[in-house]
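Hi,

Here's the structure I promised to pass on. Have a look at it first, and then read my notes below.

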Amino acid sequence: MSRVSALYDLQQIDSRIDANFSRSSYLDQLLADTSQLDTAHQAVSEAETALVAARSRLKELESTAQNQQQHANDLEKKLYGGQIKGNKEMAAAQQEIETFRQRKKETDDRTVEAMLLLEDAEANLKSAKEKLAQTEKEVAEGQAGHRQELAQLQTELAALQSQRTKDLRMVMPPDVPVYEKLRQQKQGVAVAEVMYGKMCGKCRVELPMAKQREVKGGTTLVTCPNCGRILYHKF
Ligand SMILES: [Zn+2]
């Protein structure tokens, strides 16, 4: 194993560890995200509020209709029971009975509308509750999958870290800090493979002939003139 290939192997394992961390962190985020359930709960809560309002509106109209009917009946009783005397007073009472009968009719029309709205509100609540149950099921299934994958990633990580310890032993001690510093500076990738024998595999810049030759040796650390990464030539 050459000096640079040892670094390349370490880079490969570190990239896999980085990917493992990144995926785990993404899954943790998904597990913490309650927005889907929050939305479904919110819809149920709004449908419940609307249903309570529709019921109360209907009750109010029914009570109004009853009062209007009662008022007309009472007046009629007085009128025909002879408690109201005088033509003018009797005519006025008759008029009032008509007015209340008319109002009661209007209330009845509004009651029919309110009953239809109540039916809608009941149907909306039912559908919101079904949607919530469906969402709960989907979220639970999704989370079970995420937890399973997280457990698998943990197992893989342990194996990767143990492999990293072995790979690190193959690297020349003075190269370790150079490698680590480059990893920090270059988004985790310190070593770039040379492609087609002449190109930096990371930034895709063509290397000067002298560098191409030097890289093939694998005994010195040659860096890309463009991105600064350590170049590795695979045979
Ligand atoms: Zn480069």
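This is a predicted model: local features need pLDDT of at least 70, side-chain atom pairs count only at pLDDT 80 or more; totals for chains, interfaces and linings use all residues.

Residues are numbered from 1 along each chain as its sequence is written.

The protein splits into domain 1 (34-169) and domain 2 (175-232), with bounds that come from an automatic or database domain assignment. Their centres, taken over C-alpha atoms, are 67 Å apart.

Now the helices, which are DSSP runs of H or I with at least four residues, numbered from the N terminus. Two packed helices are described by the angle between their axes and the distance between the axes. Axes here are lines fitted to C-alpha atoms over the stretch in contact, and angles run from 0 to 180 degrees between N-to-C directions.

Take H2 (residues 35-80) and H3 first: their axes are 7 Å apart, at an angle of about 165°. That is why the two are called roughly antiparallel (under 35 degrees is roughly parallel, over 145 roughly antiparallel, 65 to 115 roughly perpendicular, and the rest oblique). H2 crosses H3 in a left-handed way (the near helix is turned anticlockwise from the far one by less than a right angle; clockwise would be right-handed). Their contact has 27 nonpolar, 11 polar and 16 charged residues (Ala, Val, Leu, Ile, Met, Phe, Trp, Tyr, Cys and Pro count as nonpolar, Asp, Glu, Lys and Arg as charged, and the others, Gly among them, as polar).

Next, H1 (residues 3-32) and H4 (residues 175-185) have axes that come within 12 Å and cross at roughly 40°, so H1 is oblique to H4. This crossing is right-handed. Arg3, Leu7, Leu10 and Asp14 from H1 meet Asp175, Tyr179 and Arg183 from H4 (contact means C-beta atoms, placed from the backbone, within 7 Å). By class, that contact has 3 nonpolar, no polar and 4 charged residues.

So, is Asp14 buried or exposed? Asp14 is buried because it has 21 C-beta neighbours inside 10 Å (20 or more others is buried, 12 or fewer exposed, in between partly exposed). Leaving out residues up to four places away in sequence, Asp14 touches Arg164 and Arg183.

Glu130, in H3 (residues 87-169), is exposed, with 12 other C-beta atoms within 10 Å.

Cheers

How values were computed: Two residues are in contact if their C-beta atoms, placed from the backbone, lie within 7 Å.
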